[in-house]
There are 2 protein chains.
Amino acid sequence: MSFTKKLRLAWATSQSLVCVGLDPELPKLPERFRDRPDGIFAFHKAIVDATHDIVCAYKPQYAHHAAHGAIDQLHAIIDYIHDRYPNVPVILDAKRGDMGNTAMYLAKEAFEGFKADAVTVSPYLGTDAIEPFTKYVDRGTILLCRTSNPGAADLQELLVDGEPLYMKVARLAAAKWNANSNVSLVVGATAPKVIADVRAAVGDMPLLVPGVGAQGGDVADAVAAGRDRNGAGLMISASRSVLYASNGDDFAHAARGAVEQMMADGARTS
Amino acid sequence: MSFTKKLRLAWATSQSLVCVGLDPELPKLPERFRDRPDGIFAFHKAIVDATHDIVCAYKPQYAHHAAHGAIDQLHAIIDYIHDRYPNVPVILDAKRGDMGNTAMYLAKEAFEGFKADAVTVSPYLGTDAIEPFTKYVDRGTILLCRTSNPGAADLQELLVDGEPLYMKVARLAAAKWNANSNVSLVVGATAPKVIADVRAAVGDMPLLVPGVGAQGGDVADAVAAGRDRNGAGLMISASRSVLYASNGDDFAHAARGAVEQMMADGARTS
């Protein structure tokens, strides 16, 4: 099943717009996971088991796993989700971006090596850095458009033909890069007007929206600004605020509570 | 010794502006390296042994190694160069780009994990994605500015205040991101005027120039456009045209010949 179809089914089934990011930070894990060689996997497995029916996607983070020497555990959690919860799409958050055959290698790594349903990609290098990803027609390519970090404005808000660069990225995505209907965009929750402007430019293209929770974006505002015509269209992503809602024995229960709170705050289909 | 100082000494000692990219492609290796578990390392070792005195840097490619399941061999070749030819800087070509603590993890991976002297980084996310790299003051952060691939124009040549976006990146690099004097820029060889414009904007900042050799850029034109006031300032990068100059038993000799030809064509200090 294609990423886009899997995502639409997950929205329909779970009624949730919440995407849980799996960004391991060893010092924040409950103590019993810190010294196990498979501790990161075991922690994420418990989070996934506790939340799989109330999320629309999981988004494991490549760099956080790499920094902990835990690439094998990244493989393991993706395999686990595919095997146990095959209807929940997995997004590899790796922010790839390279040219020519290198891009082809990166796409192969993400989609064949990690078996991710989708991967995040930087648009800075342009078409030939993006096409090796999008030509995997059944997988998703999620392009950075307007990110949620403070430095995003440095380049992404520079004015091109009277509008910010990120709008140019959104328009290129809709007009040029989405020929296989498998492109999505990253648009941070920190400015709802940005989400609304991008939504207006890209039709029903899915938007991955980080920046709520620890980064301070408001869920209800983001959802109001970004829902598509089907009342879905958004992956509202939170990591730390869900994973580390508690570091006691109730961490998985607390994680589920944090996702439910996001749904209560508005991160649900309408 | 800092990356910048190491690079300046390498230019002075070798008189070479050639940077050799280590981009393994298994089918192109001489046959005897293809089936050895350490074949990629052994091949690169032979290339390095044959060229170390006539290059200013090596640039191993992260994705090419990852795609071959050869991250251990990437570690091994970097360690080998540091150990055997400690005056030659090693640039990890990984085109990283992420925010906040993820960027910190990526910088740590590049500089502490791989022990690279420098790493390539995308500027699309802005200051807080760049600073975790540049705060390693003795290491180099090499920002993508105007890349050499055909799709580069899609974003990088969009006009901002009447000049292309890549010039804005060059100006931000010079004015804002180079406080520790450890930033360099990637500027493709495919348009010498671009190199000249960037050089005019960034003083003596080192420029990494891919796009000669297999990608068709002219060495003499690139060097004429980009030398700094000391007659150096450039890392003219070639990969395939050096590594695979021959796939017979003479491959290392042929690689040296290809580097010498680049120097004869103009890739040398003046």
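Select His44(A) to begin: this residue lies in helix α3 of chain A, residues 39-51. Helices (H or I, at least four residues) and strands (E, at least two) are DSSP runs, numbered from the N terminus. The model is predicted, and local features need pLDDT of at least 70, side-chain atom pairs count only at pLDDT 80 or more, while totals for chains, interfaces and linings use all residues. Residues are numbered from 1 along each chain as its sequence is written, and chains are lettered from A and ligands numbered from 1 in the order in which they are written.

Is His44(A) buried or exposed? His44(A) is buried, because 28 other C-beta atoms lie within 10 Å; a residue is buried with 20 or more other C-beta atoms within 10 Å of its own, exposed with 12 or fewer, and partly exposed in between, the C-beta atoms being placed from the backbone. Contact requires C-beta atoms, placed from the backbone, within 7 Å. Leu22(A) is 22 residues from His44(A) in sequence, and their C-alpha atoms are 6.9 Å apart.

Next, select strand β5 of chain A, residues 140-146, where seven of seven residues are buried. Strand β4(A), residues 118-121, runs parallel to β5(A) and is joined to it by four bridges; two strands pair if DSSP finds at least two bridges between them. To see one bridge, display Thr120(A) with its partner in β5(A), Ile142(A). Thr141(A) has Val183(A) as its bridge partner in β8(A).

Now turn to chain B and colour its open sheet of eight strands, which are paired in parallel in the order β2-β1-β10-β9-β8-β5-β4-β3. At the edges stand β2(B), 57-60, and β3(B), 91-96; each has a single partner strand, so one side of each is left without a neighbour in the sheet. Neighbouring strands are turned by 30° against each other on average, direction ignored. Within this sheet, two bridges join β8(B), residues 183-187, to the parallel strand β9(B), residues 207-209; Val186(B) has Leu208(B) as its bridge partner in β9(B). Helix α10(B), residues 192-202, packs on the sheet, touches β5, β8 and β9 of chain B, and makes about 165° with the direction of β8(B). Such angles run from 0 to 180 degrees between N-to-C directions, with axes fitted to C-alpha atoms, for helices over the stretch in contact.

Finally, display both chains. At their interface, 38 residues of chain A are in contact with 38 residues of chain B. Helix α6(A) supplies the largest share of the chain A side, six residues. Chain A can be laid on chain B with an RMSD of 0.0 Å by a turn of 180° and a shift of 0.0 Å along the axis, superposed by least squares on C-alpha atoms of residues with pLDDT of at least 70 in both. The two copies are thus related as by a two-fold rotation axis. To locate this axis, select Val160(A), whose C-alpha is the nearest to it in chain A, at 2.7 Å.

How values were computed
Two residues are in contact if their C-beta atoms, placed from the backbone, lie within 7 Å.
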